[in-house]
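Look at the structure, then read the points by topic.

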Amino acid sequence: MKPLSPSAINRNLLILHATVFIWGFTGILGALISVGSVEMVWYRVLIASITLLIYFKATKFSIRVTKKEFLQFFFTGSIVALHWILFFQAIKVSTVSVTLVCLSSFTLFTAILEPIIKRTAVQISDIFIGIVIIFGIYLIFHFESNYTAGIIFGLSAAVASSLFSIINSNFAQKSDAKLISFYELSGAFFWITIYRLFDHSLLQESFNLSASDWIYLMILGTVCTALAYIAGVSVMRTLSAFRVALISNLEPVYGIILAFLFFGHKETMSAGFYMGSALILGAVFLYPIYKKRQSKS
């Protein structure tokens with residue numbers, strides 16, 4: 001594949017930043033929607049899958065893939081579903097701010113998992129930034145112990161997010177981002193439906209949601225999922241999973257600002273929380289500068 005020009009790479013970086021901002025707003029919607037985390041993700045992937053299918057029909061875009069690709073995307077959808085369920089559950093039992101900062105450990109888990117999955121050498125600098133993030137997480141645990149459940153759910157969501165992002169970075173080199181998104185979201189819908197049938201919650205669902213829930217779910221499923229998911233996967237063709245992880249750590253910055261605007265003092269945390277957050281985000285922002293100097297030396 002022909003290398004992209006610097007302007008094309010910068011365009012992809014801009015797309016990724018816009019996508020991360022939308023992801024930050026996703027946390028706000030998760031707090032505003034009244035249904036549980038499993039039901040919320042079920043609606044989300046259903047709406048997103050239908051949106052993409054309508055787009056494909058309107059543009060006459062072929063959704064044909066090989067059997068191998070279908071199975072790969074479909075099973076990866078289960079990881080996507082797990083990530084979002086854990087993410088929204090973390091918000092339900094804690095706050096948007098706590099959940100988004102814990103999601104920043106995505107960088108740590110990517111630094112650990114990417115070399116294992118791709119069979120590449122472990123970078124010492126990646127491990128170093130991981131240690132800093134671990135210390136930041138420790139401070140948050142220590143000073144926000146009343147949100148322990150939310151922190152655990154948030155960290156678990158970060159592991160799942162890191163895993164499917166690394167997998168998708170491989171898929172994006174060979175397959176169209178729209179197809180990856182469609183089949184993974186459809187797979188997520190399938191696996192959650194199976195789960196809901198098993199625990200009988202789907203049979204009790206009447207679809208009688210409030211008007212505000214429907215509005216928020218439509219925004220969540222279309223803009224924050226279908227559009228953002230395609231954009232996020234497409235840039236992986238030119239950006240490494242670890243670079244995507246670094247920029248994705250701006251999500252808590254955008255999300256925390258939005259949370260203050262929407263929920264005010266409810267999102268106010270202890271000084272220890274902000275110390276831990278500053279360590280995590282500071283490490284993320286300083287890392288590219290360190291890598292640039294390291295490459296020059």
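The axes of α2 and α8 come within 9 Å and cross at roughly 145°. Axes are lines fitted to C-alpha atoms, for helices over the stretch in contact, and angles run from 0 to 180 degrees between N-to-C directions. Helices are DSSP runs (H or I, at least four residues), numbered from the N terminus. This is a predicted model: local features need pLDDT of at least 70, side-chain atom pairs count only at pLDDT 80 or more, and totals for chains, interfaces and linings use all residues. Residues are numbered from 1 along each chain as its sequence is written, and side-chain values use heavy atoms, with hydrogens and water left out.

**α2 with α8**
- The crossing of α2 past α8 is left-handed (the near helix is turned anticlockwise from the far one by less than a right angle; clockwise is right-handed).
- Contact means heavy atoms within 4.5 Å.
- On the α2 side, the contact residues include Val38, Trp42, Leu46, Leu53 and Phe56.
- On the α8 side, they include Lys178, Phe182, Phe189, Ile192 and Arg196.
- This contact divides into 16 nonpolar, four polar and three charged residues.
- Ala, Val, Leu, Ile, Met, Phe, Trp, Tyr, Cys and Pro count as nonpolar, Asp, Glu, Lys and Arg as charged, and the others, Gly among them, as polar.

- α2 has 23 residues and spans 33 Å from first to last C-alpha, close to the 33 Å expected at 1.5 Å a residue.
- The expected span is 1.5 Å times one less than the number of residues.
- Lys60 follows α2 with a positive phi, near 55°.
- α8 (residues 177-198) has 22 residues and reaches 32 Å, close to the expected 32 Å.
- Asp176 caps the N-terminal end of α8, with a side-chain oxygen 2.8 Å from the backbone nitrogen of Lys178.
- Just after α8, His200 has a positive phi of about 70°.

**α2 with α3**
- The axes of α2 (residues 37-59) and α3 (residues 67-93) come within 8 Å and cross at roughly 130°.
- α2 and α3 are therefore oblique to each other (angles under 35 degrees count as roughly parallel, over 145 as roughly antiparallel, 65 to 115 as roughly perpendicular and the rest as oblique).
- α2 passes α3 in a right-handed crossing.
- Among the contact residues are Met40 and Arg44 of α2, and Trp84 and Phe88 of α3.
- By class, this contact has eight nonpolar, two polar and two charged residues.

Conventions. Helices (H or I, at least four residues) and strands (E, at least two) are DSSP runs, numbered from the N terminus. A polar contact is a pair of N or O atoms within 3.5 Å; within protein, one must be able to donate a hydrogen and the other to accept it, and residues adjacent in sequence count only if both atoms are side-chain atoms.
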